[in-house]
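Biologist: Please show me the model. I would like to ask what each term rests on.

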Amino acid sequence: MYEFIKGTVDFVGPEYIVIENGGIGYQIMTPNPFVFTKEAGKEICIFTYQYVREDLISLYGFKTREEKALFTRLLNVSGIGPKGALAILASGEPGQVVQAIESEDESFLVKFPGVGKKTARQMILDLKGKLHDLVPDYFPNLFNADEVAATISQSNEFDEAVLALKALGYSEKEIRKITPDLKKEQLTTDQYIKKALQKLLK
């Protein structure tokens, strides 16, 4: 229904952002909301996907049409819902996901929250050979960590990153395991999330 929305970034949280347009605030779920921190108060264009269920209507948003296209293809895989698709995109390394699908690397795919062996196998069956059009000029540039400005203290940024990881489906036990390594550096929220996801997917 909505191809994209142009508006001002009014709010950035662990699970979603709010885009204000014409006096209406649109709650939009995104893979990693904190990549929009730098754009707070600025006008942006976000590509949207409306998800409709009997008891739920939600908007999902993406920085590019290609990212949106990958999200919709993941939704077509039996066993993957919007939350699971967002968790896969939030890794910031969709190229690795495509490579894992093409090489039938189930051991990599099952590292994502909510993806078991059955779902990983289904991803390979449904998507292998069908994602090449999304790779050129897209995957290497997705979620540049430098996009996010360091605007708040390290502790707040780390806490926000933890909230975002929990929203993606990772357990406290999984997060605690990688916390010591994460706290060795002072990073932005987005950088904490990206580093955490790299460690969780090893």
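Modeller: Start with E1 and strand E2 (residues 16-21), which run antiparallel and are joined by four bridges. The model is predicted: local features need pLDDT of at least 70 and side-chain atom pairs pLDDT 80 or more, while totals for chains, interfaces and linings use all residues. Residues are numbered from 1 along each chain as its sequence is written, and side-chain values use heavy atoms, without hydrogens and water.

Biologist: What is the order of the strands in the barrel?

Modeller: The five strands close in the order E1-E2-E3-E5-E4, with mixed pairing. From one strand to the next, the twist averages 55°.

Biologist: How do you know that strand E3 and strand E5 pair?

Modeller: E3 (residues 24-29) and E5 (residues 56-62) share two bridges, so they reach the limit for a pair. Their sense is parallel. Ile 28 has Leu 59 in E5 as its bridge partner.

Biologist: What about E4 and E5, in which sense do they pair?

Modeller: E4 and E5 are antiparallel, over seven bridges. Tyr 49 stands opposite Tyr 60 in E5. A hairpin of two residues joins E4 to E5. E1 and E4 are antiparallel as well, over five bridges. There, Phe 4 stands opposite Phe 47 in E4.

Biologist: Why is E5 called largely enclosed?

Modeller: Five of its seven residues are buried, so the rest of the structure largely encloses E5. Buried means under 20% relative accessible area, exposed means over 50%, and partly exposed lies in between (1.4 Å probe, protein chains only).

Biologist: How do you know whether Ser 58 is buried or exposed?

Modeller: Its relative accessible area is 14%, which is under 20%, so Ser 58 is buried. Ser 58 is in strand E5. Leaving aside neighbours within four places in sequence, Ser 58 is in contact (heavy atoms within 4.5 Å) with Tyr 49, Gln 50 and Tyr 51.

Biologist: And Glu 104, what is its class?

Modeller: Glu 104 has 36% relative accessibility, which falls between 20% and 50%, so it counts as partly exposed. Glu 104 is in the loop between H3 and helix H4 (106-109). Its phi is near 55°, a positive value in a residue other than glycine.

Biologist: Which residues of H1 are buried?

Modeller: In H1, Glu 67, Lys 68, Leu 70, Phe 71, Leu 74 and Leu 75 are buried. They lie on the same side of H1, because they cover an arc of only 160° around the axis. That arc is taken from the directions from the helix axis to the C-beta atoms. The cover over these buried residues includes E4, E5, H2, helix H3 (94-102) and helix H5 (117-127).

Biologist: How do you know that Met 123 is buried?

Modeller: Its relative accessible area is 0%, which is under 20%, so Met 123 is buried. Met 123 sits in helix H5. Met 123 and Arg 73 are 50 residues apart in sequence and 9.6 Å apart in space, C-alpha to C-alpha.

Biologist: What makes a nonpolar core, and which residues have the most contacts inside the largest one?

Modeller: A core is a set of buried Ala, Val, Leu, Ile, Met, Phe, Trp, Tyr and Cys residues joined through side-chain atoms within 4.5 Å. The largest has 58 residues, and Leu 109, Met 123 and Tyr 170 have the most contacts inside it. Helix H6 (residues 154-168) gives the largest share of this core, six residues. Leaving out residues up to four places away, Tyr 170 touches residues including Phe 112, Leu 165, Ile 175 and Leu 197.

Conventions
Axes fitted to C-alpha atoms, helices over the stretch in contact; angles between N-to-C directions.
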